[in-house]
Structure formats: structure tokens, C-alpha cells
Amino acid sequence: MVKYTAKRLLQSVITVLVVATIVFLLMRMLPTDYYFTEDQVMKLTEEQKNAQLEAAGLLDPMEQQLGRFYGQLLRFDFGTSRRIQNGASVLKVIGTKFSVSMRLGCIALVIALLIGVTMGIIQSRNKDRILDHVGTAYTVFVNAVPPLVSYSLVLAFGANVLHLPALYSSILPIVCLALTSIAHYALWTRRYMVDELNKDYIKLARIKGMSSKNIMVKHVLKNAFVPLVQYIPASFLLTISGSLLVERFFSVPGMGTLLTDAITRYDLNVVQTLVIIYAALGIIGVFLGDVLMMILDPRIKLTDKGGSR
């Protein structure tokens, strides 16, 4: 397990580095005018612009710029914001938004786990009955309807029926963040539990007289939860990083809203850093999911003798 963990950690670091490099190069392919504000573009002469670009190192050979970028990454120095908060550290700008996204995301994930896993258990125990059909209909509806439509339905119901504030509130964004995750956890919990219930060792346990409750608790739930837990860290990390669409739709001042604002206003350092953070969260989540699954079930071997997964 130690060897596999070290190998996967190294792969994750390399993947994050590759993503960061691609993002850096894409940012450098943009016209240099995006480095300046609109007023600076109008007022500065070409000589003045070139002087600022040279001072910022943007006219240096690309290999030199890339070397400096790697050094900054090691120091967690992502530069300063030029449009959102002129002159402020990018990490400081993002830090003020991260706590908002983390609070909403954590609450939404806890709700999704509690409701989704419970739904999946109920569906598996009532397979092909009315409760199973209702749960399946919800899952199909959430996955089939475009997010903006489902968010609009939540907004209309919350504002008109429950009289909740439409904007700058936490309740409706949390509900929207949880909707898809509830369907996801319900679907996979049902699938894994139904698979377990059809296995021979469950039939043997029933023949031996073990009660249905003991079978569910000691065998089915335990074994079904092992593959499900693989997705929890990735889901957690991606959820707390915020949803671009939900935060923009409800005007939540989180990381998702910050990214769209940074793109609109061409704050390239902020865009670059946020994209790297999102990529890193997803990669780390997958890595933690694999490790957590091995910890819960030591019988699982994620590598064979040849080293392939």
C-alpha cells in the first residue's frame, strides 16, 4: 500500500504540474493588451507598454518565463491581481471567496450523503416497487433536465411558495448544489447494494437463518459502501471549491463567481490560479478516494505484479 500510495502521489503531482504548465502557456498565448486595463490601453504609448511588459518579464524567452513560473509554484506565489483587486495577492483575493464556497459546499455534501445514501438503501430494499420507481424517476429527472431549468424551478418554488430570499441567500444555492449529488449517491448506493444482495454469500447467509437486518448491516451495507467511498473525497473537494453555475445564478460571492468575473475582466493571474486549483482539487480527490478505499478494505489491490492498475 505504501508503494502504491507513493506512486499515485507522484503521478498526481506530475499531473497537476502538467495542467499548470498548459494553463500558463495558454495564458501567454493571449494578446499582451490583456495585461493592461482599458485606461492603460488608451493612454499608454507602445514604448510604455513594452517597458511594463519587459519589467514584468513577459517579453523574456518562454523557457525563462516557465522556469520562473515553476519557482513561484514551489513558493505558492501566484502573483497579484490586476483587475479584481489591483495589486492584491491572488491568494488573498481567492482566500476571501474560498470560505464562502467551502461553507456552502460542505453543507450541500453532508445533505447529499445523508439523503442520497438513504434513498439508495430504500430503493434497494424495495427493488421494482413504487419507492424504487420514485427514486429512479428523481435520478433520471435531475440528470436529464438542464441545470438552469432545475435551478429555476428551485428558485421559483423557494421564492414563491416558501418565501425564501432569491439572491444573496445560502439555502437555495445549497439545495441546488445537493440536487445532483443526491441523485448520484442514490444511484450508486442502489446499484452496489442490489449487486451485493444477488451474490451467493448473501443467499447462503439467508439459508443459514441470518435475519435480513443482520445481512443488511453486517454484509450488504459494509461491502456496498467500499466502492462508493472512492467518490466521496473527489466529490467533497470539488463541491467545496464551488459551482460556477450555482454561484453565478444566485449571486453567491464564492470561487465560482470569482472565476467568471476574472475571465470577464481579463484578470489573467486570477484565472490561471483558479484553474490550477480546480484541477488540483479534482486530481487530489481521485487519489484520496483510491487510498481510502484500500484502507476500508485491505483485500483490494489496486496494482498487480506488473504495476498496472
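Helix axes are lines fitted to C-alpha atoms over the stretch in contact, and the angle between two of them runs from 0 to 180 degrees between N-to-C directions. In this predicted model, helix H5 and helix H8 (residues 171-197) pack at an angle of about 35°, and their axes are 6 Å apart. This briefing covers helix packing, aromatic pairs and selected individual residues.

**Helix packing**

- The crossing that H5 makes with H8 is right-handed.
- In the contact of H5 with H8, the residues divide into 21 nonpolar, seven polar and one charged.
- Another helix pair consists of helix H13 (residues 255-264) and helix H14 (residues 268-296), whose axes come within 9 Å and cross at roughly 140°.
- H13 is therefore oblique to H14, because an angle counts as roughly antiparallel when over 145 degrees and as roughly perpendicular from 65 to 115 degrees.
- H13 passes H14 in a left-handed crossing.
- On the H13 side, the meeting residues are Met 255, Gly 256, Leu 258, Leu 259, Ala 262 and Ile 263, and on the H14 side they are Val 270, Val 271, Leu 274, Ile 277 and Tyr 278.
- The residues of this contact between H13 and H14 comprise ten nonpolar, one polar and no charged.

**Aromatic pairs**

- Five aromatic pairs are present in the structure.
- One of them joins Phe 24 and Phe 69, with 4.6 Å from centre to centre and 25° between the planes, and is stacked.
- The pair counts as stacked because planes under 30 degrees apart are classed in that way.
- Distant parts of the chain are linked by this pair: Phe 24 lies in helix H1 (residues 2-28) and Phe 69 in helix H4 (residues 62-74), 45 residues apart.
- Phe 24 and Phe 69 are both buried.
- Tyr 70 joins Phe 24 and Phe 69 in a cluster linked by ring pairs.

**Loop residues with positive phi**

- Phe 76, which is not a glycine, has a positive phi of about 55°.
- Phe 76 is placed in the loop between H4 and H5.
- The relative accessible area of Phe 76 is 59%, so this residue is exposed, the cut-off being over 50%.
- Tyr 266 is also a residue other than glycine with a positive phi, near 55°.
- The loop between H13 and H14 holds Tyr 266.
- Tyr 266 has a relative accessible area of 37% and is therefore partly exposed.

**Asn 126**

- Asn 126 is located in the loop between helix H5 (90-125) and helix H6 (130-144).
- With a relative accessible area of 18%, Asn 126 is buried, because the class requires a value under 20%.
- Apart from neighbours within four places in sequence, Asn 126 is in contact with Leu 131 and Asp 132.

**Val 41**

- Val 41 has its place in helix H2 (residues 38-43).
- The relative accessibility of Val 41 is 27%, so Val 41 counts as partly exposed.
- When residues up to four places away in sequence are not counted, Val 41 touches Asp 33, Phe 36 and Lys 49.
- Between Val 41 and Ile 22 there are 19 residues of separation in sequence and 27 Å in space, C-alpha to C-alpha.

How values were computed
Residues are numbered from 1 along each chain as its sequence is written. This is a predicted model: local features need pLDDT of at least 70, side-chain atom pairs count only at pLDDT 80 or more; totals for chains, interfaces and linings use all residues. Side-chain values use heavy atoms; hydrogens and water are left out. Helices (H or I, at least four residues) and strands (E, at least two) are DSSP runs, numbered from the N terminus. Buried means under 20% relative accessible area, exposed over 50%, partly exposed in between (1.4 Å probe, protein chains only). Contact means heavy atoms within 4.5 Å. Angles under 35 degrees count as roughly parallel, over 145 as roughly antiparallel, 65 to 115 as roughly perpendicular and the rest as oblique. A crossing is left-handed if the near helix is turned anticlockwise from the far one by less than a right angle, and right-handed if clockwise. Ala, Val, Leu, Ile, Met, Phe, Trp, Tyr, Cys and Pro count as nonpolar, Asp, Glu, Lys and Arg as charged, and the others, Gly among them, as polar. Rings of Phe, Tyr and Trp (its six-membered ring) pair if their centres lie within 6.5 Å; planes under 30 degrees apart count as stacked, over 60 as edge-to-face and the rest as tilted.
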